[in-house]
Amino acid sequence: MTVQRFRPARGTEDWEGRAGGPQPLSGAVSGRPALRPGSRPAAARAQRLALALWLALAVLGTCAPGCSPRRAPETSPPPAGPPAPPEPPRPPKIIAVRTEPVYPRVGGFYTVEPGRLRVIVEAVSADWVGFGISPTGTEQQPVPAGEAARIPGGTGPQGGELWSFTWDVPDGDLLMHLTITARSPAGECSEVIGLYHEAAAGPGAEAPPGGREPFYLLSASAGRFSARALAGLPKYFVARSWLDDRRLLGATGTNPIVVDVDSGAWRALNVNAWWFVPDPAGERIAYANEGGLYVTSTAQSGDPGALLAAAGSGGPPGGVLWSPDGAHLLYWYTGEWDLDLYVIDASGGEPRPVEPTPEGYFLTEPAAWTGPGTIVFNSRASRSRAGEQEYRSAGYRGDIVVCDLETGGLRFLSQNPDGTYWNAVLALPDGRLVFSIEEPGRPLAGLGILAPDGTVEMLECDAGTEAVSFAPDGRRWLERCRVEPAPQPGTGGASGEPPSAAVRFLLCEGGAPQPWAAASYTDVLAGPLWSPSSQRLAVSLACSRASDSGWQLTYHTWVIEERQ
């Protein structure tokens with residue numbers, strides 16, 4: 001082994017204790033230096049042993065006391081890679097819109113008053129916000145109405161920047177869309193709100209505050225429709241359905257009443273009906289009471305008719321669906337989880353059980369007949385698509401199932417993913433099905449039409465809609481929207497007035513929803529109910545009226561007709 005010696009730093013001693021630089025070795029044998037005269041072998045060996053120990057400790061990175069460890073050469077960090085690309089700019093987003101003064105929002109419309117209107121927009125990632133106006137119900141492009149100004153230092157409740165725009169609401173009728181557009185180099189987005197204003201009251205239109213009827217047409221529809229109250233009806237009358245375009249079927253308590261809306265004459269059927277459903281021709285009603293399920297004629301009074309199904313241990317049947325030809329009835333008893341369903345001839349006979357619940361489903365409910373031998377049901381899945389099965393009160397998803405009464409076969413009309421719920425609500429004359437979409441916390445999140453070939457057409461439904469009434473022809477419908485803010489139940493009103501709710505109705509005919517009518521009621525609201533021809537409607541409600549003894553509920557019914 002060859003050992004190399006290193007020059008010590010100036011002012012230090014070499015490994016043999018001599019000052020200065022290295023000295024040449026002489027007489028080296030086997031790599032060991034020869035002894036100089038006067039040296040001591042033991043001392044030399046000790047020095048060599050110390051050197052070996054020092055080298056070993058230097059390799060291990062440690063050192064004996066009094067020694068300095070040998071530093072490992074410093075290594076340079078690996079070369080840095082290319083810099084990360086900057087994040088792309090985010091497109092703008094409109095978070096919220098509000099008005100000053102604060103106006104109630106009915107569906108997608110703000111009911112405003114003439115004068116200065118300030119619209120405040122909360123947006124993120126926007127460099128510019130502008131406004132445009134256009135008449136509602138037209139394809140006209142928005143006409144620019146101005147640019148919004150950024151509110152200095154303004155921050156909205158959700159952390160976005162605030163922009164504001166003022167506009168003078170004109171006198172007279174107003175029905176328009178306000179389009180709000182936010183832009184940046186990364187893109188743009190828009191939100192459309194409706195602005196609505198009623199002029200002074202006219203025939204069939206809204207009356208001034210304090211002189212309003214509980215139900216009234218809005219001026220946007222008063223030129224196309226007319227509304228009249230039915231006078232002379234029995235106390236507590238509430239409309240339930242139409243028998244034909246002239247006869248309206250309702251009830252006072254549990255007594256069914258037939259009203260001729262043209263002459264105003266009415267006739268009680270004088271049977272005890274907890275509920276009742278007319279047949280498609282309007283000639284009979286199926287009804288139930290403590291005795292069971294009956295069918296009787298609408299042309300006579302006092303005849304209880306034929307008993308089709310006796311009441312069970314849990315009471316009478318809970319409902320019926322007539323077949324399109326009126327020859328059969330589907331009726332059911334309510335169980336803990338599912339219904340016990342039967343089909344029976346309308347003239348009587350032996351009932352036949354119906355089993356419409358697919359494997360892995362529960363909470364099955366009937367929706368509509370789609371033919372003489374087929375019925376559509378709504379059912380909830382008790383197992384997830386992944387096979388999980390835990391208790392969920394609403395199930396994992398909701399699907400639409402059709403049952404063939406002759407074979408008992410079941411066929412799915414929808415195959416929804418978990419978390420999606422469809423409910424069939426109406427069978428149209430051409431075989432299509434109207435269905436609603438349900439989401440957690442939103443019983444009516446959307447609407448659609450399902451064709452026999454499986455094609456789905458989604459319908460625009462306002463976010464504030466709480467109920468929908470489809471015309472029998474399927475070409476139009478009415479959406480009921482609660483006016484916000486609404487009185488809270490139990491809070492009462494001035495001078496002890498019972499709390500009431502205010503609603504607006506929007507007419508939808510394939511385009512943007514149009515304001516149609518408004519109502520305020522205290523206890524009961526039935527309708528709007530479409531007549532078989534889709535040309536007439538009926539609305540019943542109960543509202544509070546002041547009397548000498550306090551507040552009293554009064555009942556009212558209107559017939560609305562489309563002008564020819």
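Is arginine 397 buried or exposed at 5% relative accessibility? Arginine 397 counts as buried, where buried means under 20% relative accessible area, exposed means over 50%, and partly exposed lies in between, with a 1.4 Å probe and protein chains only.

Before the rest, some ground rules. This is a predicted model, in which local features need pLDDT of at least 70, side-chain atom pairs count only at pLDDT 80 or more, and totals for chains, interfaces and linings use all residues. Residues are numbered from 1 along each chain as its sequence is written, and side-chain values use heavy atoms, with hydrogens and water left out.

Confidence comes next. The pLDDT, which is the predictor's confidence in each residue from 0 to 100, averages 77 for the protein chain, and 74% of the residues score at least 70. Over residues 55-70 the pLDDT is below 50, and beyond near neighbours in sequence this stretch has nine contacts in the model; a contact means heavy atoms within 4.5 Å. Residues 200-211 also stay under 50, with 16 contacts beyond four places in sequence. Where pLDDT is low, the predicted coordinates should not be read in detail.

Now the salt bridges. A salt bridge is a side-chain nitrogen of Lys or Arg within 4 Å of a carboxyl oxygen of Asp or Glu. The structure holds 24 of them.

Back to arginine 397. Its salt-bridge partner is aspartate 418, with the closest N and O atoms 2.7 Å apart. The two sit in distant parts of the chain, 21 residues apart: aspartate 418 is in the loop between β28 (410-412) and β29 (421-427), and arginine 397 is in the loop between β26 (374-381) and β27 (398-404). Strands here are DSSP runs (E, at least two residues), numbered from the N terminus. Aspartate 418 is partly exposed, at 33% relative accessibility.

The next pair is glutamate 561 and arginine 536, whose side chains meet in a salt bridge at 2.9 Å, N to O. Glutamate 561 belongs to strand β39 (residues 550-562) and arginine 536 to strand β38 (residues 536-547), so the bridge ties together parts 25 residues apart in sequence. Glutamate 561 is partly exposed at 22%, while arginine 536 is buried at 12%.

Last pair: arginine 246 and aspartate 260 form a salt bridge at 2.8 Å, N to O. Here the arginine, Arg246, is partly exposed at 42%, and aspartate 260 is buried at 16%.

Which residues do shared partners join into one network? They are Arg228, Arg246, Asp260, Asp262, Arg536 and Glu561.

Conventions
Helices (H or I, at least four residues) and strands (E, at least two) are DSSP runs, numbered from the N terminus.
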